There are 2 protein chains.
Amino acid sequence: MTIRRLSILGVGLLGGSIGLALRSSAKHYHIVGYGHRPRTLEVALNMGAIHEYTSDALVAVRESDLAILCTPVGIFEPLLRQIAPGLKSGAIVTDVGSTKRSVVKMGEQLLPPGVHFVGSHPMAGSEKRGVEFARADLYRGALCITTPWSRTDPGALRAVESFWIELGMRTTRLNPDDHDRLLADVSHLPHAIAAALVKVQPDQAFPLAGKGFADTTRIAAGDPGLWRDIFLDNRDNLRIALSKLRQQIDHLDHSLEQADAHALEVFLDSAAKIRQTIKSNPPPTSP
Amino acid sequence: MTIRRLSILGVGLLGGSIGLALRSSAKHYHIVGYGHRPRTLEVALNMGAIHEYTSDALVAVRESDLAILCTPVGIFEPLLRQIAPGLKSGAIVTDVGSTKRSVVKMGEQLLPPGVHFVGSHPMAGSEKRGVEFARADLYRGALCITTPWSRTDPGALRAVESFWIELGMRTTRLNPDDHDRLLADVSHLPHAIAAALVKVQPDQAFPLAGKGFADTTRIAAGDPGLWRDIFLDNRDNLRIALSKLRQQIDHLDHSLEQADAHALEVFLDSAAKIRQTIKSNPPPTSP
C-alpha cells in the first residue's frame, strides 16, 4: 500500500502541519486540501502545506491513496458520508480526532467495502487554532495512538503507522474503548478542570496569577467548539473521570476540615512522587 | 531606614535567590544565612548567596537591619520566638510565605516593641527545591504582594517594598484577609487540583500524557511539606475555593448527562475567553 496521493480534509493547525511536515520527506506526495473557507485554503497553498485545493470533499478524495479527517470530531459523520462515494477501492481513511469509538464505528458503517478505515490520534496540538500556526515539527517526537479492532485491515494499519512515523511520531496501539477511557482521564478531564479553575476566579484574582496558574489553565484557552465535540462524544467516560476527581476533592476537603496535617501531607506527597516520574513537557518540539 | 545588614533565615530556593540577586545590586549588603543543614549553608556560601552563616537564629539576626523568614510557613512561629530577643530596635522583619493572616498576627504578637513586621509574598518560585536551584533572576519581573494592616509602620512598609523592587519585582498591597482569600482561589486551589488530577490517573494513562497534562499538573511536583503548611494555614479559604470548583464540576456533569451541546459550549467558551486575556506565562524570567 504505497501512498502517493493524499487528501487533507480540514486544513487548520493539525491538517496544515501534516502538509508542512511532508514537504521535507524523502518521498513525494501530492497533497489535496479540502475546506470550506477559501482564504484558509489559499494561505495553506502559499505556505506550501498543500499542492492544490477544492471546496468539494468528493473531488478532494478522488484517486487518493490516503484521506485524513482533520476537522473537529463533530463533523466526521457528514464528512464520511460525503467522501464515501468518491474513494477508490483500496484507499485508506484515517483521522486526527481525540475520541475514537464513534469514528471507528462510523468508518465501518459509512465507507464502502474495499476502503479501509484506521483510527488515529496523533497527540500533538496547541491551544492556538488555524493554519497560520501550522508547523513542520508539530508532530515530531510526539505519540500517535492507532486504534485497530477486529475488523481493521492489518496492511492498512501498518501503512497508517508508517505514515505517522514518517512525520517523526512514535506510535502505539489501543482498542477504541481503552483509548476513550484513558484519554478521558489524562486529557479530557484536565481540560474540563482547567476551564473550571478559570471560571471560579474572582476578577481581583487575575492580577495575582503567577506561572503556576498560567500553566495549570493554559489548555482552557483551546477551541471551545472542538472540545465541545470531544466532551459530547466521550461524555460517559468523562463523567466517570469527573466522579473520580470529585472523590479526591471530597477526601481533601475532609482532611482540611479536620486540620489533619498527616493526611494532607500524604495527599500531596503521593501526587508529587507520581508527578516527578513523568517526563517534563512531552512532546519535545525537536528530536 | 537603610538596610545594610541582612539575615536570610532559611537558605533554600527562595532565600538563596534573594542573596544571588543582591550580588548584582549597586548597594552593598552584608548577608548572614541561617539554617540547620550545614551542607546547604556551605553550598549557599560557595554560590555567593551569603557572606557568612550560623546555625543559631538568634546570632543570625543580631545587628541586622532586615531579617527575612524564608522557611516553610509552618516554622514561622518557633522561628519568630527564637529571633525576637536578638533583634535590635528599628529592625524590620519580613517573610516570603504564601499565606499572610497568621504570620502578620504572629509578627505583632511575638516581636518586641520597636521591631517592625511587614508581611510579604513574593510570587516567584518553582516546583524545584533547594539552594542548588537558586537563581539571581528568580524574582525579576514577578509580583510581590505586601500585606500591611492598621498597625503596620509606614516607613518599614516602604523600606520592604523598595527592597523587593531592587530585586526586580513589581509590588502591590493587599490586606492579609484579602490576600489569603484571593490566593486560595488563584494559587492554592490550582495546586490542590493539580495533585488530585495526578492521583486519579490509572497507570496505563501516564504513557499517553501529552504536553497539556504535563503543564496542568506541573505544580503538583512541588514540596509536599511546604504545601501542607500552606493548606493548613489557609484551610478555611481553600475549602470555600474547593466548594466553588465542585459547583462548576456539578454543572458540567449535568450538561454531560443531558448531552447539552449548547451548555457545554458556553462552559468552554466563557473559560477560553477569560483565559485568552491572561498574559501568557507570568512572570517573565527577564525584564
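## Reading the contact between two chains

Modeller: Start with one pair: the side chains of Asp253(B) and Arg239(A) meet in a salt bridge, 2.9 Å from N to O. The model is predicted.

Colleague: What is the general idea behind such a pair?

Modeller: Side chains of opposite charge can pair when their charged atoms come close. Here the cut-off is 4 Å between a Lys or Arg side-chain nitrogen and an Asp or Glu carboxyl oxygen. At 2.9 Å, Asp253(B) and Arg239(A) qualify.

Colleague: How many salt bridges are there between chain B and chain A?

Modeller: Twelve salt bridges link chain B and chain A. Over all chains, the structure holds 46.

Colleague: How many residues from chain B and from chain A does the contact take?

Modeller: Chain B gives 81 residues, and chain A gives 81 residues. For the area, read the total with its atom types. About 7700 Å² is buried between the two chains, and carbon and sulfur atoms give 70% of this.

Colleague: And how many residue pairs are in polar contact between chain B and chain A?

Modeller: The count is 26 residue pairs, with both residues at pLDDT 80 or more.

Colleague: Which elements give two or more residues to the side of chain B that touches chain A?

Modeller: One strand and several helices of chain B do. They are strand 8 (143-146), helix 7 (176-199), helix 8 (211-217), helix 9 (224-233), helix 10 (235-257) and helix 11 (261-277). Helix 7 of chain B gives the most, with 15 residues. Then sort this side by class: 48 residues are nonpolar, 15 polar and 18 charged.

Colleague: Take a second pair across the chains. Where do Glu265(A) and Arg228(B) lie?

Modeller: Begin with the distance. The side chains of Glu265(A) and Arg228(B) meet in a salt bridge of 2.3 Å, N to O. Glu265(A) lies in helix 11 (residues 261-277) of chain A, and Arg228(B) in helix 9 of chain B, so the pair joins two chains. Next, read accessibility. Glu265(A) is partly exposed, at 29% relative accessibility. Arg228(B) is also partly exposed, with a relative accessible area of 21%. Salt bridges with shared partners join Arg239(A), Arg246(A), Asp250(B), Asp253(B) and Glu257(B).

Colleague: How do I read a pair inside one helix?

Modeller: Check the spacing along the sequence. Glu77(A) and Arg81(A) lie in helix 4 (residues 76-83) of chain A, four residues apart, or about one turn of the helix. Their side chains meet in a salt bridge of 2.8 Å, N to O. Glu77(A) is partly exposed, at 34% relative accessibility.

Colleague: How many residues apart are Asp215(A) and Lys211(A)?

Modeller: They are four residues apart in helix 8 (residues 211-217) of chain A, so about one helical turn separates them. Asp215(A) is buried, at 7% relative accessible area. Lys211(A) is partly exposed, at 33%.

Colleague: Now cysteines. What is a disulfide?

Modeller: A disulfide is a covalent bond between the sulfur atoms of two cysteines. The search of the whole structure finds zero disulfides over all chains. Cys144(A) is in none, and the nearest cysteine sulfur, that of Cys70(A), is 11 Å away. Cys144(B) is in none either: the nearest cysteine sulfur belongs to Cys70(B), 11 Å away. The cut-off is 2.5 Å between sulfur atoms, so a gap of 11 Å is no disulfide.

Colleague: Is Cys144(A) buried or exposed?

Modeller: Cys144(A) counts as buried because its relative accessibility is 0%. Cys144(B) is buried too, with a relative accessible area of 0%.

Colleague: How do I read the surroundings of a buried residue?

Modeller: Ala241(B) is in helix 10 of chain B. It is buried, at 0% relative accessibility. Leaving aside neighbours within four places in sequence, Ala241(B) is in contact with Ala184(B), Asp185(B) and Leu189(B).

Colleague: Where is Asn234(A) found?

Modeller: Asn234(A) is in the loop between helix 9 (224-233) and helix 10 (235-257) of chain A. Asn234(A) counts as buried, at 0% relative accessibility. Not counting residues up to four places away in sequence, Asn234(A) touches Thr99(A), Arg101(A), Asp180(A), Ala184(A) and His188(A).

Terms used
Residues are numbered from 1 along each chain as its sequence is written. Chains are lettered from A and ligands numbered from 1 in the order in which they are written. Side-chain values use heavy atoms; hydrogens and water are left out. Contact means heavy atoms within 4.5 Å. Buried area is the accessible area (1.4 Å probe) that two parts lose on being put together, summed over both. A polar contact is a pair of N or O atoms within 3.5 Å; within protein, one must be able to donate a hydrogen and the other to accept it, and residues adjacent in sequence count only if both atoms are side-chain atoms. Ala, Val, Leu, Ile, Met, Phe, Trp, Tyr, Cys and Pro count as nonpolar, Asp, Glu, Lys and Arg as charged, and the others, Gly among them, as polar. Buried means under 20% relative accessible area, exposed over 50%, partly exposed in between (1.4 Å probe, protein chains only).
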